Amino acid sequence: MKPKQNQHPLKYSIYSLIAVVAAMIFFFPIYWAFSTSLRNPLDTFTVSGFGIPFLNFEPTLTNWVDQLATEEARKAVYNSTVIAVFASILALALGIPAAYALARFRFKTISNKDLTIWFLSQRVLPPVATVVPFYLIMQFLNLLDTQLALILINATFVLPFVVVIVRQTFLDLPIELEEAAFMDGARNYGAFLRVALPLAAPAIAATGLIMFAFTWNEFLFAITLSSKEVITIPIHMAGAVDTRGVQFWFMAVRAMIAMIPPVLIALLAQRYIVQGLTLGAVKG
Amino acid sequence: MKTHRNTKARFVFLLPAAVWVLTFTIFPLVYSLYLSVHKVETKMNVSREKVPMLDASGNPVLDAKGNPRTKIKINREKISTWTNIGFTNFKRLAEDPQVHSAIKVTSIFVLVAVPSQLVLGILLALLFNQRLWARSFLRAVMLLPIFATPLAVGYLFFTIFYEEGGPLGFLGVPFLSHPDWALFSVILVDIWQWTPFCFLVFLAALQGIPNELMEAAKMESKSKWGLFANIIFPMLTPTIVIVLLLRLAEAIKLFDIPFALTGGGPGVATQSMSFLAFRTGLRYFDLGYASAMSYCLLIIVMIIVTLFFRKLRQSYA
Amino acid sequence: MVGAFWYGDIVPNGYAFPIDDFMTTGEYPQWSYDSMPQSLKTLHTWEGVGYGVLNDGDGQVLYYRRDALANPEWRADFKKEYGYSMPVPPKTWQQMLDISNYFNGKNWDSNDPDPDSGTVLHLKVGEQGHYHFQSLSASFAITPGPELDQHHNVYWFDPTNMKPLINSPGHVAALEFLQELHKTGPSAQVGWSLGEAWDYFLRGKSVFVFSWGDVGSLCQDTSRSKIQGVCASSILPSSDTYYDHKDKKFVKTTNPVKVGNTTGGSWHGVISNYSANPEATYSLLSLMAIKPASIWLAQNGWTGVDPGFTYQFLEPQGEAGLGEYLDAGWSEADVKDYLKAYYETFFADTFLPYLRIPGSFEYWDILDKNLSATMSGEISPKQALDNTAKTWEQITDRLGRDQQLGYYQSAIGYK
């Protein structure tokens, strides 16, 4: 269903106005973080109106400078980046072949459909159900407070997404191209690597980005398995809650640092978000 | 579905992921079940000894007087005792007021937040399905909350809900200091974050309805409402079911927002199941009881999931 | 870094490394438990063996606005309304409540045109709100006496059978009082943690806050505080009525004893038995402990670590000179009050005992949740403390009553 072109001008104005207001409501908190990050501690909770810099208060970059200068902040960005990149790569490395298998071969004992759904079902597992055993396992393996532990676990939790989304991408590719490759003497692996994979690359890249965002935002496992060394951005943020309480002027800076990458990803991967977040059930 | 000729290669493709998922989910779940019927006590037996200090090449380090320097080595022996206590932990669940409250909090949260997101999502999707000023820009802005770090969102909304002069202070509402309002505030934050997702999915689904069908339907139905109730809504139903169940499964996991926004309070007014299980396991270190709690949550999710997959299987057909 | 309330969980289970040997070898920076008050020393040892190196000795004191309480107009008006002249600082909690009530809702501070409050509290659940209750209720619920026995100087449990005392009439009266005090502050404070409450006081919005040493130093930080120079402090007031656990009745007194506290985490360094190099760790920790006041100030700046070492107190009680503080930017009036308040708090004769048994965190967390429910008006004080006592009994039974009793007795020194 496409929007009508011949709409009444009054209706057009009213609808547009409502849409603008709605978008503003959804944008406001992000704007508010930005505004708070520019305030002096004394102004944090006392600015009037909608906290517009220069109009309602005298903005300062002190919070940003202070925060970016801290070792912890840089360490948190570094850790979060490493963990999110490697968890995404690991999930893609495991998930893409499985997705290909589910799209291009027929399994007999358990049907392709049930296999796919089994992968999916991992996603609805409440993470808290595995938090305690993972804690004990990682303690046993001496992996508490390491990047590796968080990479392994995050990869596990985003793997189902990869399988399901990429499977759908492969299904949408014409199989004939791969068959042509067989004619040229390629084997299964060749057809996968040289034909299917390049064609699916844009979707795979978008999936990777979405997985990156998920891992970047993950908090429960990070706070459980890390204590001192492997501080990720969400833990760094919760760390502002030390014995001295939350310093919201710094918090706002950290919130901005935390939100900018995933929010950019949301814009970049727009086309794939619907499919990604509905596990391929709805196509965007 | 057209497929390649079946070769053994298919297992090479599939198995790594399958084995991975099995190892990383089934094993912890079994371990967790085992934990839930045991009482774990860990003690360390420690002894200290002085050992000679060695340099990089393995020679003893001498002090100023020429005597070998020593350092302390700590010998540890960890002793864990596991006592089978049967279903004691599950019995505790049934009698624990904190558990009852957490189930209540989680249920209210899910039952209010999720339908609100769906309704708002549909309304916004219908709106954005019209011709609008700067439509694709506004649509892009609406996307932003979806991936905003939930923990950051929780802290952010603390400043927004600040009752002594915050941006919503003029409403005079005790957003975080009254138990009922606090739960409502948590719900509000979730609605803010997830309505855009519902909106986006419904918009995609609306745009998937063929134009011819719409034209034909317009001929028949007199009113806008009739058009919606008789044509659009039925066309959206499969999508609604999927979004509903996806959101249910996600909403039950509620953790980050109360953690940052309310700390689970006032009292236990916003303490969700996940939050309680987390605190019990990793703050009180009552591992067995926390495992029992999370199993209880798992069972609730399973019930919903069973519903979910029957529907999802159909949409995969 | 560990909180003092963790000792019961880490020491008996073999996780902490005793440091007594290190302290006597002479190879490390020399410091001694003797340069801290007995009250704090206790928190760093377990059954006579030293484990902790002091870094931040916690305790709560009362902060009040010197200018408001000294203002002759308000004083005259207060006397007319309450029939006695406003004591500075208030000696009893009841006097403090009167003063708080008197100032609440009046615009007595010229920093903004809006009305200001009496007392601000940090009551957010999981954010140390229960510490407020601990320090406040001590003088309501502890029966003072020369010795510690079954009924005197005890606060948490009956030391003969581990029955909780937390729902005793004295504790309940204290919680009812805390509710009254809460009414003289912003209602939003039910959801506030430390930072928000302190900032409120620092912005000049309340007459009183009772909290940790951070406030005293934050008052001096003009990027956060509008009240440098008028930020006075004193030891916490005492209740004019306490509960006698022996005779099971309330006792009214005109001159209540001062009750000290080490309320808080008193976060400090303990060497883990997992440490690969305990010598190096100790060396670092002890270096932090021997700092003279000037370095201590420079290092901690305005972030504030409560003064606990003798070198931080002014002469004659300690060894620090006033100049060092003035150089660091303190207001003279503020710092004199501040150090005196802490000295009295840490060296008081009657003391709020610290809960140091296995599971301390869980006991406190339950108390915290119930207190929060009371402050938000969900349940009554009596109900909250009865609930707490009931859950405490379950925890004690689960962890083993005899074991808990043994640790409790040795922690408070009951014989």
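This is a predicted model: local features need pLDDT of at least 70, side-chain atom pairs count only at pLDDT 80 or more; totals for chains, interfaces and linings use all residues.
Let me begin with the interface of chain A and chain B, where the contact, meaning heavy atoms within 4.5 Å, takes 113 residues from chain A and 111 residues from chain B. Residues are numbered from 1 along each chain as its sequence is written, chains are lettered from A and ligands numbered from 1 in the order in which they are written, and side-chain values use heavy atoms, with hydrogens and water left out.

Chain A and chain B bury about 10,200 Å² between them, with 75% of that area on carbon and sulfur atoms; buried area here is the accessible area, taken with a 1.4 Å probe, that two parts lose on being put together, summed over both. The count of salt bridges between these two chains is 0, a salt bridge being a side-chain nitrogen of Lys or Arg within 4 Å of a carboxyl oxygen of Asp or Glu.

Chain A itself has 12 helices and 0 strands, where helices (H or I, at least four residues) and strands (E, at least two) are DSSP runs, numbered from the N terminus. Of its 284 residues, 61% count as buried, and for that label I use under 20% relative accessible area, with exposed over 50% and partly exposed in between, for a 1.4 Å probe and protein chains only. The C-alpha trace of chain A spans about 70 × 70 × 35 Å along its principal axes, and among contacts in this chain with a separation of 6 or more, 70% come from residues 24 or more positions apart.

In helix α4 of chain B, residues 135-143, the buried residues are L138(B), A140(B), V141(B), M142(B) and L143(B), and what covers them includes α1, α11 and α12 of chain A together with α3 and α6 of chain B. K253(B) lies in the loop between α8 and α9 of chain B and, because its relative accessibility is 12%, counts as buried. Apart from neighbours within four places in sequence, K253(B) is in contact with R123(A), V124(A), L125(A), P126(A), P127(A) and S274(B).

Turning to chain C and chain B, that contact takes 37 residues from chain C and 36 residues from chain B, and the area buried is about 2,900 Å², of which carbon and sulfur atoms give 51%. How many salt bridges are there between chain C and chain B? The count is 3. One salt bridge joins R279(B) and D365(C), with the closest N and O atoms 2.7 Å apart. R48(B) and D21(C) also meet in a salt bridge, at 3.6 Å from N to O; this pair crosses between chains, from strand β1 of chain B to helix α2 of chain C. R48(B), at 33% relative accessibility, is partly exposed, as is D21(C), at 47%. R48(B) also lies over the face of F17(C), 4.4 Å from the ring centre, where a charge sits over a ring if NZ of Lys or CZ of Arg is within 6 Å of the ring centre and within 35 degrees of the ring normal.

Within chain C, helix α16, residues 381-399, reaches 27 Å from its first C-alpha to its last, close to the 27 Å expected for its 19 residues, the expected span being 1.5 Å times one less than the number of residues. Its buried residues, including W392(C) and I395(C), pack against α7, α8, α15 and α17 of chain C.

The side chains of E362(C) and R398(C) meet in a salt bridge at 3.0 Å, N to O, and this pair links α15 to α16 across 36 residues. E362(C) is buried at 9%, whereas R398(C) is partly exposed at 22%. D365(C) also forms a salt bridge with K369(C), at 3.5 Å between the closest N and O atoms; because they are 4 residues apart in helix α15, about one helical turn separates them. Both D365(C) and K369(C) are buried. Finally, salt bridges that share partners join R92(B), D286(B), E362(C) and R398(C) into one network.
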